[in-house]
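Take a look at the chain shown here. This report walks through its main features, one part at a time.

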Amino acid sequence: SSGINAEYGDLHWLPIKKRIIFKIALLSYKSVNGLSPMYLQDLFRYAHHGHDPKLMVPFTPLKGYQDRSFSVIGPRIFNALPDTLKQSESVDLFKSSLKTYLFSLSDDEICHIVNRKF
């Protein structure tokens, strides 16, 4: 497994878990910034508590498929990103910065972002 991860790093490819986070975060960024279809944009709402606006994460009573839906995991991942990343001026800048950020995270930090074990 570590051999494969080393090869991914040499190619500057994200390992599978981080690639999944990348895709969800990118779609969330596009949705928040009006760059995705309306039906995806409608899944995101801001909860203004204090000085740090966060996306509302819908309550799911049980762990399972509901907890893995885009409407839940998208805001959860987006909220966990650094503010400077979330405020990127363009999609290309966001993608580049996100990839660099994800490469810097350990597997434990990735699991913390999604609040569950992968």
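## A serine in a loop

Where is the place of S36? S36 sits in the loop between α2 (16-32) and α3 (38-41). This is a predicted model: local features need pLDDT of at least 70, side-chain atom pairs count only at pLDDT 80 or more, and totals for chains, interfaces and linings use all residues. Residues are numbered from 1 along each chain as its sequence is written, and side-chain values use heavy atoms, with hydrogens and water left out.

Is S36 buried or exposed? S36 counts as buried because its relative accessibility is 11%. (Buried means under 20% relative accessible area, exposed over 50%, partly exposed in between, with a 1.4 Å probe and protein chains only.) The side chains of S36 and S31 are joined by a polar contact of 3.0 Å. (A polar contact is a pair of N or O atoms within 3.5 Å; within protein, one must be able to donate a hydrogen and the other to accept it, and residues adjacent in sequence count only if both atoms are side-chain atoms.) Leaving aside residues up to four places away in sequence, S36 touches K30, S31 and Q41. (Contact means heavy atoms within 4.5 Å.)

## The whole chain

The protein chain has seven helices and two strands. Helices (H or I, at least four residues) and strands (E, at least two) are DSSP runs, numbered from the N terminus. Along the sequence, their pattern is α-α-α-β-β-α-α-α-α.

The protein chain has 118 residues, and 34% of them are buried. Take the contacts with a separation of 6 or more: 53% of them come from residues 24 or more positions apart.

## Two helices, α4 and α7

Helix α4 (residues 70-80) is mostly covered, with nine of its 11 residues buried. Among them are F70, V72, I73 and F78. The cover over the buried residues of α4 includes α2, α3, β2 (54-55), α5 (83-86) and α7 (107-114).

Which residues of α7 are buried? They are I110, C111, I113 and V114. These residues lie on the same side of α7 because they cover an arc of only 155° around the axis. (The arc is that of the directions from the helix axis to the C-beta atoms.) An α-helix has 3.6 residues a turn, so residues three or four places apart point the same way. The face of α7 turned away from the buried side carries the exposed residues D108 and H112. What covers the buried residues of α7 includes α2, α4 and α6 (91-104). After α7 comes N115, with a positive phi near 60°.

## The largest pocket

The largest pocket holds about 190 Å³ of space. Of the 14 residues that line this pocket, Y46, P53, F78, K86 and Q87 are the closest to its centre. The elements that give two or more residues to the lining are α2, β2, α4 and α5.

On a 1 Å grid over the protein atoms alone, a pocket is an open set of points where a 1.4 Å probe fits, with protein on both sides within 12 Å along at least five of seven lines; lining residues have an atom within 4 Å of a point. Grid points are joined across faces, edges and corners, and a volume is the space filled by probe spheres set on the points.

## Another serine in a loop

S88 is in the loop between α5 and α6. S88 is buried, with a relative accessible area of 10%. Its side chain reaches the backbone oxygen of L85 at 2.7 Å. Not counting residues up to four places away in sequence, S88 touches Y29, L93 and F94.
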